[in-house]
Amino acid sequence: MHASGVDVRNVLFSKDGLTMVEPRLTGRSQDRTYDITAARAFQNITDPKVVRMEGIEGRVSLEDGSSVKLESPRGTYDGNQETLRLEGGLALSSSKGWRVEGSTADVALTDGRVAGKDGVRITGPGATITADQIDLTDNGHRVLFSGKVHLTIVPGETGTTTDPTP
């Protein structure tokens, strides 16, 4: 894992910690790069590697040349574990035409694993999948759905790809 750095436009100091305006976190892990930004972030002085974020947007580029855009109203970056917990609703959109929506997700920036446990809806070329939980591993090449899982396939609307990778 190689974190290229953190870029912060404005920093405000208070007795509770730092408030950062438009922070940006970039890095590289294996064959993947990531670029995460937030409208605001809050860093507590007692645990400076844990940062609460608001207005999160990001992009993860994968080894096959595809990318995933992520959006969430809030989340927490844990620099100790190199994880990002997205909360309050989220959307992941792949360059292959798939979209994942859910309530929460845990993203491991070191290995690209994404786990959602509070319901998920995936839409893409000719298919919709809903499930209670999702676990994406192996750069999205392996997807495990669990709980109540429902798949709808619309014949003739599958587009040109048969890859269900979000």
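Trainee: Which strand do four bridges join to β11?

Mentor: This is a predicted model, in which local features need pLDDT of at least 70 and side-chain atom pairs count only at pLDDT 80 or more, while totals for chains, interfaces and linings use all residues. Residues are numbered from 1 along each chain as its sequence is written, and side-chain values use heavy atoms, with hydrogens and water left out. Strands are DSSP runs of E with at least two residues, numbered from the N terminus, and two of them pair if DSSP finds at least two bridges between them. The partner of β11 runs antiparallel to it and spans residues 120–124, which identifies strand β14.

Trainee: Which residue of β14 stands opposite Gly102?

Mentor: The strand β11 covers 99–102, and β14 covers residues 120–124. Opposite Gly102 stands Val120.

Trainee: How many bridges pair β14 with β15?

Mentor: The strand β15 covers 127–137. β14 and β15 run antiparallel, and the number of bridges is five.

Trainee: Which residue has a positive phi in the turn between β14 and β15?

Mentor: These two strands form a hairpin, with two residues between them. In that turn, a phi of about 80 degrees belongs to Gly126.

Trainee: Is Glu82 buried or exposed?

Mentor: Glu82 has a positive phi near 55 degrees, and it lies in the loop between β8 and β9 (83–87). Because the relative accessible area of Glu82 is 18%, the residue is buried.

Trainee: What is the volume of the largest cavity?

Mentor: A cavity is a set of points, on a 1 Å grid over the protein atoms alone, where a 1.4 Å probe fits but cannot get out, and its lining residues have an atom within 4 Å of a point. Points are joined across faces, edges and corners, and the volume is the space filled by probe spheres set on them. Three cavities of 30 Å³ or more occur in the structure. The volume of the largest is about 280 Å³.

Trainee: Which element gives the largest share of the lining of the largest cavity?

Mentor: Of its 21 lining residues, Val60, Leu62, Val68, Gly112 and Val114 are the closest to the centre. Two or more lining residues come from each of β5 (32–37), β8 (67–78), β10 (90–94) and β12 (105–108). The largest share is three residues, from β10.

Trainee: How many charged residues are in the lining of the largest cavity?

Mentor: Ala, Val, Leu, Ile, Met, Phe, Trp, Tyr, Cys and Pro count as nonpolar, Asp, Glu, Lys and Arg as charged, and the others, Gly among them, as polar. The lining has 14 nonpolar and six polar residues, and the charged count is one.

Trainee: Which element gives the largest share of the lining of the second largest cavity?

Mentor: This cavity has a volume of about 60 Å³. Among its 13 lining residues, Leu90, Val100, Ala105, Val120 and Ile134 lie nearest the centre. By class, the lining has eight nonpolar, four polar and one charged residues. The largest share, three residues, comes from β11.

Trainee: With which residue does Glu54 form a salt bridge?

Mentor: A salt bridge is a side-chain nitrogen of Lys or Arg within 4 Å of a carboxyl oxygen of Asp or Glu, and the whole structure has eight. The closest N and O atoms of the Glu54 bridge are 2.5 Å apart. It links strand β7 (residues 50–61) to strand β6 (residues 40–44), with its two residues 14 apart in the chain. The partner of Glu54 is Arg40.

Trainee: Is Arg142 buried or exposed?

Mentor: Arg142 and Asp138 meet in a salt bridge, at 3.6 Å from N to O. Asp138 is partly exposed, at 41% relative accessibility. Because its own relative accessibility is 56%, Arg142 counts as exposed.

Trainee: What is the distance between the closest N and O atoms of Lys69 and Glu71?

Mentor: Lys69 is partly exposed at 32% relative accessibility, and Glu71 is partly exposed at 28%. Their side chains form a salt bridge with a closest N and O distance of 4.0 Å.

Conventions: 1 Å grid on protein atoms, 1.4 Å probe; cavity = no way out; pocket = protein on both sides within 12 Å on 5 of 7 lines; lining within 4 Å. Buried < 20%, exposed > 50% of the residue type's maximum accessible area, 1.4 Å probe, protein only.
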